[in-house]
Every structure is written in structure tokens, then in C-alpha cells.
Amino acid sequence: MWIGYTALPLLNAFQNDSARSRVNPYTNTTYWLYVSVSSIVLFYVNSEVLFAKIYKKQPIRYFLGVVALILVLLWGRFFVRITFVGSDINKSLFYVNAFIQYLYVFGISASYCFFSDYQKQQEIQRENENERLKSELSFLRSQISPHFMFNLMNSLVSLNRKKSDMVEPVLLKMSDLLRYMLYEKDDKRISLENEVKYLSNYIDLQKVRFGDYVNIEFEVNNSGSSKSIEPMLLIPFVENAFKHGVGMIENPFIRVELDANESELKFKVSNKFSNDKKEIKDGASGIGLNNVKRRLELLYPKQYELAVSESDNLYTTDLKLKFK
């Protein structure tokens, strides 16, 4: 930018000399360098010193400083003009033209300052927002583990009371689930295949816990296993189904459907529920749909559709998620 700004008056001076015989001040190297360097000095002293350190604290002092700087540069320009080019000039016209030129440079410098300051403020705002979202997301994710641990313990207690031979294989499945929660939950993304395996282990534990009392179906069509998602994003829907889909309900059933391809994930969970307010529900399970919705808003803005419906004692959550 400065090369072009510096060269322009010089080129214009030579063009004028070809048409006129009078001396053009810009053909004098010293004068030309002073005009160029003084403009650069005005630009950066304003942007890096006056604006950066004084403007926001003392705006009046800032403008006085700008005026003083321009006056000093004008005096120096006049001195160089009469010393190295000649004194045959119209002083009033000289000062007006020089002032307009410096005013133009100051305008560009001020615009640059305001634009840079705006960009910095936007960057700070974005960083603060990102940190807030990270903190909020970390809090939301941290709420999952305690609730899920309650569910696992309940399943184990139920089997132990029955003196079931399934205690050992169930403990192994619980070990896999806990390993997943401890070592993969904090990853930004995990493979969809691992998430499906996690859901399958959880549903198997619930089948052992409830036996034939609850009709549980899990259907998977995962042709998009190369994709990755946020860990433990889907389990709250299943937990919620077991919270509201068992208890004082006639012929309870829970159906979980997952269909994924390279571009989209469809996840649907259905369960019967009771309108009886006296129904005793599994209070240790589930983290609430509000939590899940907030996570989706943070992680997949404008990339998901979540529909919740209730009809004929059937509660359904239908999630459609577009992969990034």
C-alpha cells in the first residue's frame, strides 16, 4: 500500500513535467521522501500510539495530539520545500493542499484503527463465548455419569437379589460401559459404531434387569459407521424411556431404532407411559430432555431436528442429525 501511495505523486510529477516547464517539487528526491515518510509517520503514530493509548481514555487529548502532530509535519514540510526546492510558492495554497493530504492520510488511519479495534473486540467476544460454551457443555456432560451410575447399580442389585448366574457377565458388561464412560466420554468425537455398541450393552443390561416384564426392541441399520458423533449423545433418550416406560404400565414396551448413513443419523425411541401421577418411576435415571436439547444446540446448531410426541399413551422422541 505504501509503495503505491509513495510512487503515485512521483509518477504524477513526471507526467506534469512533460507538459510544463516549471519546476515540480515532487521531482526533488528530498521533498518527495519527506512527504512520503511524514504520511507514514502520521498513519502509524496515530494508529499505534495516539489511538491505541489515548483515544479511549482521553478523547480530547487524543484530538489535540493529532492536530499538534499534523501542524509539526506541516511546518517540517514547508521547511523542506523552501530549503530544497525553492521559496517561490503560495503559502496559503501550499498549507491548504498539504493539510488536505494529511487529513486524507489521517482519515485512512482512523478508519483502520476503528476497524482493527472492532475486529479485536469481536475476537474477544468470540473467545469468551467459546469458553462459556465449553464450560456449559462440560457441565452438561458431567451430569450424565452420576445418573447412569445409579442405573447400573440398580441393575446389579436387582440381579443379586435374584441370585442370578448372570451377575458375572453383567459385571463384565458394566466394566465395558464404565471403561467407555471413563476413557471415551471426554473425547470430542467417537465413532458411531462405538456409540451403538455402548447403547447395545446398556439395553442388554436392562433386558437382564427387567426380564420378560418389559418388551425391549433394539433395531440398528448402521451403514454410516465411518462417521463420528459426540459421546453419550444418544443414551439420555434411552434412559428417559426406561424412566417413564416401566412401572405401573400394562404390557410395557420400549423400542429403539437407529438408522445411519454417510450424511444423516435417524434415532427414534418409543415407550408406553402412564398418566397416573401416583406412578413410582425410576428417579435415579434420566437427565432430562432440556439437557439433551442444550447439548444439541451447542454441538450441532442448525444441524438437527428433535420431535417429541405423546399420543395414546405412547411417548416418542425422534432425532434427525446431519453429520458435519
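1. In which loop does Asn 313 lie? Asn 313 belongs to the loop between strand 6 and strand 7, and the description that follows concerns a predicted model. Phi of Asn 313 is near 55 degrees, a positive value in a residue other than glycine. At 35% relative accessibility, Asn 313 counts as partly exposed, because that value falls between the limits of 20% and 50%.

2. Asp 312 is likewise placed in the loop between strand 6 and strand 7. The hairpin formed by these strands has two residues between them, and Asp 312 takes a positive phi near 50 degrees there. Asp 312 is not a glycine, yet its phi is positive. For context, most residues other than glycine have a negative phi. With a relative accessibility of 78%, Asp 312 counts as exposed, since the value is over 50%.

3. As to overall composition, the protein has nine helices and seven strands. Of its 324 residues, 39% are buried. Among contacts with a separation of 6 or more, 74% are between residues 24 or more positions apart.

4. Five strands form an open sheet in the order 2-4-5-7-6, and their pairing is mixed. Strand 2 (215-222) and strand 6 (304-311) stand at the edges with a single partner strand each, so one side of each has no neighbour in the sheet. From one strand to the next, the twist averages 5 degrees.

5. Strand 5 (residues 264-272) and strand 7 (residues 314-322) run antiparallel and are joined by nine bridges. In this pairing, Lys 268 stands opposite Asp 318 of strand 7, and Glu 264 has Lys 322 as its bridge partner in strand 7. Strand 7 also pairs with strand 6, in the antiparallel sense and over eight bridges. Here Val 308 is found opposite Thr 317 of strand 7.

6. Two helices are to be considered together with the sheet. Helix 7 (residues 192-210) lies across strand 2, strand 4 (253-260) and strand 5, and runs at about 170 degrees to strand 2. Helix 8 (residues 235-244) packs on the sheet and touches strand 2, strand 4, strand 5, strand 6 and strand 7. The direction of helix 8 makes about 10 degrees with that of strand 5.

7. How do the two helices stand to one another? The axes of helix 7 and helix 8 come within 11 Å and cross at roughly 15 degrees. Helix 7 is therefore roughly parallel to helix 8, the angle being under 35 degrees. The crossing of helix 7 past helix 8 is right-handed. From helix 7, the residues that meet helix 8 are Glu 195, Tyr 198, Leu 199, Tyr 202, Ile 203, Gln 206 and Phe 210. Their counterparts in helix 8 are Ile 235, Val 238, Glu 239 and Phe 242.

8. Burial is a marked feature of helix 8. Eight of its ten residues are buried, so helix 8 is largely enclosed by the rest of the structure. The buried residues are Ile 235, Pro 236, Phe 237, Val 238, Glu 239, Asn 240, Ala 241 and Phe 242.

9. Glu 230 calls for separate comment. This residue lies in the loop between strand 3 (228-229) and helix 8. At 1% relative accessibility, Glu 230 counts as buried, because the value is under 20%. The side chain of Glu 230 makes a polar contact with the side chain of Arg 295, at 3.3 Å.

10. A polar atom of the Ser 38 side chain lies 3.0 Å from the backbone oxygen of Val 35. Leaving aside residues up to four places away in sequence, Ser 38 touches Leu 73 and Tyr 102. The C-alpha atoms of Ser 38 and Ile 70 are separated by 9.3 Å, the two residues being 32 apart along the chain.

Definitions and conventions:
Residues numbered from 1 in each chain as written. Predicted model: local features only at pLDDT ≥ 70, side-chain atom pairs only at ≥ 80, totals over all residues. Heavy atoms only, no water. Contact = heavy atoms within 4.5 Å. Polar contact = N/O pair within 3.5 Å; in protein donor to acceptor, adjacent residues only side chain to side chain. Pairing = 2+ DSSP bridges. Helix = DSSP H or I, 4+ residues; strand = E, 2+ residues; numbered from the N terminus. Axes fitted to C-alpha atoms, helices over the stretch in contact; angles between N-to-C directions. Parallel < 35°, antiparallel > 145°, perpendicular 65-115°, else oblique. Left-handed = near helix turned anticlockwise from the far one by under 90°. Buried < 20%, exposed > 50% of the residue type's maximum accessible area, 1.4 Å probe, protein only.
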